[in-house]
Amino acid sequence: LSQTHPLALDRAIVAAKELYLNGHINEALELMGPLAQTAPQSPVGQFMAGLSAVHAGEPYEALDLFEAACRTPHPVAAPFLYYYLGIVCTQIEKYPRAVEAYRKAIELDGRLHQSHVGLSTALLSMRAYEDAAEAALDAVALDFGRSSGHFALGKALLGLGQLDQAHDAFR
């Protein structure tokens, strides 16, 4: 891959992303490994290495790689980069940074349901229940059929003391 044409590299990035998003995690990680090794100092290489670190259970390594990649993110990967940065920050309880990362992901691509759910989760961890409910409502509006938005909404409503509405959200 070190002699790969830039267009082929962009296609490999898109292929890895689609494999990953469609549940073919192992295949995506197999493709990401050589991509990360080809350009370890590039934002794409750092992002791919960060995803590998996430799956290897190394959140602090992933955090460092994602933060480095955020300095000049690749346009194809940017919303997902910030989404995964949010996940890692939530895992290691850096909630304000997680909120910032999820908001950036939403700014770049507001259609990503999981970024709204992640934002709600991070806000819940900070006990910002009204903002968490708003983020969860955005997730529900984006994809009413996905339970994660409803669950996040129910948790936020519980935090607000709105038990009947929380019950409805959980159903």
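Are Tyr20 and Tyr84 buried or exposed? Tyr20 is buried, and Tyr84 is too (buried: under 20% relative accessible area; exposed: over 50%; partly exposed: in between; 1.4 Å probe, protein chains only). This is a predicted model, where local features need pLDDT of at least 70, side-chain atom pairs count only at pLDDT 80 or more, and totals for chains, interfaces and linings use all residues. Residues are numbered from 1 along each chain as its sequence is written, and side-chain values use heavy atoms, without hydrogens and water.

**Aromatic pairs**
- The model has five aromatic pairs (rings of Phe, Tyr and Trp, the last by its six-membered ring, with centres within 6.5 Å; planes under 30 degrees apart are stacked, over 60 edge-to-face, the rest tilted).
- The ring centres of Tyr20 and Tyr84 lie 5.6 Å apart with planes at 80°, so this pair is edge-to-face.
- Tyr20 sits in helix 1 and Tyr84 in helix 5, so the pair ties together parts 64 residues apart in sequence (helices are DSSP runs of H or I, at least four residues, numbered from the N terminus).
- Tyr83 and Tyr102 have ring centres 6.1 Å apart and planes at 55°, so that pair is tilted.
- Tyr83 belongs to helix 5 and Tyr102 to helix 6, so their pair joins parts 19 residues apart in sequence.
- Tyr83 is buried at 14% relative accessible area, and Tyr102 is buried at 4%.
- Ring pairs link Tyr20, Tyr83, Tyr84 and Tyr102 into a cluster.

**Ser115**
- Ser115 lies in helix 7 and is buried, at 0% relative accessibility.
- Beyond its neighbours within four places in sequence, Ser115 contacts Tyr83, Tyr102, Ala105 and Ile106 (contact: heavy atoms within 4.5 Å).

**Cavity**
- There is one cavity of 30 Å³ or more (on a 1 Å grid over the protein atoms alone, a set of points where a 1.4 Å probe fits but cannot get out; lining residues have an atom within 4 Å of a point).
- The largest cavity holds about 100 Å³ (the space filled by probe spheres set on the points, which are joined across faces, edges and corners).
- It has 12 lining residues, and Lys17, Met32, Phe47, Leu51 and Phe80 are the closest to its centre.
- Helix 1 gives the largest share of this lining, four residues.

**Positive phi in loops**
- Glu93 is not a glycine, yet its phi is positive, about 65°.
- Glu93 is in the loop between helix 5 (78–91) and helix 6 (95–108), and is exposed at 58%.
- Arg127, also not a glycine, has a positive phi of about 65°.
- Arg127 is in the loop between helix 7 (113–125) and helix 8 (129–142), and is exposed at 66%.

Conventions: Helices (H or I, at least four residues) and strands (E, at least two) are DSSP runs, numbered from the N terminus. On a 1 Å grid over the protein atoms alone, a cavity is a set of points where a 1.4 Å probe fits but cannot get out, and a pocket is an open set with protein on both sides within 12 Å along at least five of seven lines; lining residues have an atom within 4 Å of a point.
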